[in-house]
Amino acid sequence: MTDTTKSILIVEDERILGLTLKMDLASHGYAVTGIASSGLDAIKSVTEQRPDVILMDIRINGDLSGIETAFEISKTTMIPVIYLSGETDPETIESAKSNNVCRGMLSKPVNISMLKVMLDEIFDDARTTIA
């Protein structure tokens, strides 16, 4: 079951993909706090909006990759990150998994059903931890 009180930040530099993902998530009852297109935008959005989950593209605009951005964010908060990427080589996967906030990785184009399963698992874990 989807918890509409949980919020998601999308970090995606391809605007059409970000908007499509936002619409898909909204149609499944998720609240999207925004779409950031760079690492610095993502860090600012996390500080201002405190989302419950971050969907992070690995290759984004700016000086920081998605993996580097997640690492920077993890210095101040433990928001779970699901990486989204067209890059599925072993080195990229290992690098993504090295951050303790990584809760999974999905290949692009994103299968919304698979993403929903991952999000529901994260939100269910959060409810179990609180209870």
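In this predicted model, Arg50 is partly exposed, with a relative accessible area of 47%. That label applies because 47% falls between the 20% limit for buried residues and the 50% limit for exposed ones. Arg50 sits in the loop between helix H2 (39–49) and strand S3 (53–57).

Pro109 lies between strand S5 (102–107) and helix H5 (112–130). The peptide bond joining Lys108 and Pro109 is cis. Its omega is about -5°.

The interior comes next. In soluble globular proteins, nonpolar side chains tend to be buried together. Here, the largest nonpolar core has 18 residues. Val11, Val46, Ile54, Met56, Val81 and Tyr83 have the most contacts inside this core. Several elements contribute to it: strand S1 (7–11), H2, S3, helix H3 (66–74) and strand S4 (81–85) each supply at least two residues. The largest share, 3 residues, comes from H3.

Val46 shows what such packing involves. Neighbours within four places in sequence are set aside here. Val46 is then in contact with Leu9, Pro51, Ile54, Ile73, Thr77 and Ile79. One of these partners, Ile54, is itself listed among the core residues with the most contacts.

Technical notes:
Residues are numbered from 1 along each chain as its sequence is written. This is a predicted model: local features need pLDDT of at least 70, side-chain atom pairs count only at pLDDT 80 or more; totals for chains, interfaces and linings use all residues. Side-chain values use heavy atoms; hydrogens and water are left out. Helices (H or I, at least four residues) and strands (E, at least two) are DSSP runs, numbered from the N terminus. Buried means under 20% relative accessible area, exposed over 50%, partly exposed in between (1.4 Å probe, protein chains only). A nonpolar core is a set of buried Ala, Val, Leu, Ile, Met, Phe, Trp, Tyr and Cys residues joined through side-chain atoms within 4.5 Å. Contact means heavy atoms within 4.5 Å.
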